[in-house]
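Please look over the sequence and the model shown here. The paragraphs after it go through a few places in turn.

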Amino acid sequence: PQYNVGVTGLALLAFLGAGYGGRGTSPFASTVERGLRYLTSTQDEEGCFGSRSTGHYVYNHAIATLAMLEGFDRTPGDVVRRSAQRGIAFADLARNPGFAWRYGVRPGDNDTSTTGWFAQALARARELNAREDLAGRREPFTFDPLAFDGIRTWLDKMTDPDTGRVGYQQRG
């Protein structure tokens, strides 16, 4: 049960990635809509998706944030946008200054796995902003642009320059 939020996010990513949104006549529209509503209902005051009952809750959060961003793309609306934005705000809060993520809020250490999930979410927010900007519309999401510098710094630190292998918490 402590991973329901993350598993729901992964399932939603499959439906959304296949082109199904939460509206319309798709046979999966109600499934997607219920999944998005469920994720929104799990957010706390700081925007974190799901319970913080285990140290690995950040995976649930990052996956749910990515799912909400994809949900906004397929099912645009203010409720989904606000929920995704709150998820991004928590990601900004949880990131170690100058670096990346691990378990918890600014725990002082980082890892490549959690950072990868957060990086995907922020990259998707950046893509959605660019699309809206290109169309002459207001960017729907705000986030700390320095997060990408921190991600690059972490990945550079973990990448063995001779082999190109990337480590989890140690180079290569």
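Where is the place of Glu-139? Glu-139 sits in the loop between α5 (112-134) and α6 (146-158); helices are DSSP runs of H or I with at least four residues, numbered from the N terminus. This is a predicted model, in which local features need pLDDT of at least 70, side-chain atom pairs count only at pLDDT 80 or more, and totals for chains, interfaces and linings use all residues. Residues are numbered from 1 along each chain as its sequence is written, and side-chain values use heavy atoms, with hydrogens and water left out.

Glu-139 has 38% relative accessibility and so counts as partly exposed; that class lies between buried, under 20% relative accessible area, and exposed, over 50% (1.4 Å probe, protein chains only). Leaving aside residues up to four places away in sequence, Glu-139 touches Asn-129 and Asp-133, where contact means heavy atoms within 4.5 Å.

Next come the aromatic rings. The structure holds seven aromatic pairs; rings of Phe, Tyr and Trp (its six-membered ring) pair if their centres lie within 6.5 Å, and planes under 30 degrees apart count as stacked, over 60 as edge-to-face and the rest as tilted. Phe-15 and Phe-28 have ring centres 5.1 Å apart and planes at 45°, so this pair is tilted. Phe-15 belongs to helix α1 (residues 4-17), while Phe-28 is in the loop between α1 and α2, 13 residues apart. Phe-15, with a relative accessible area of 24%, is partly exposed. Trp-101 and Phe-118 have centres 4.7 Å apart and planes at 15°, so they are stacked. Both Trp-101 and Phe-118 are buried.

Definitions and conventions
Helices (H or I, at least four residues) and strands (E, at least two) are DSSP runs, numbered from the N terminus.
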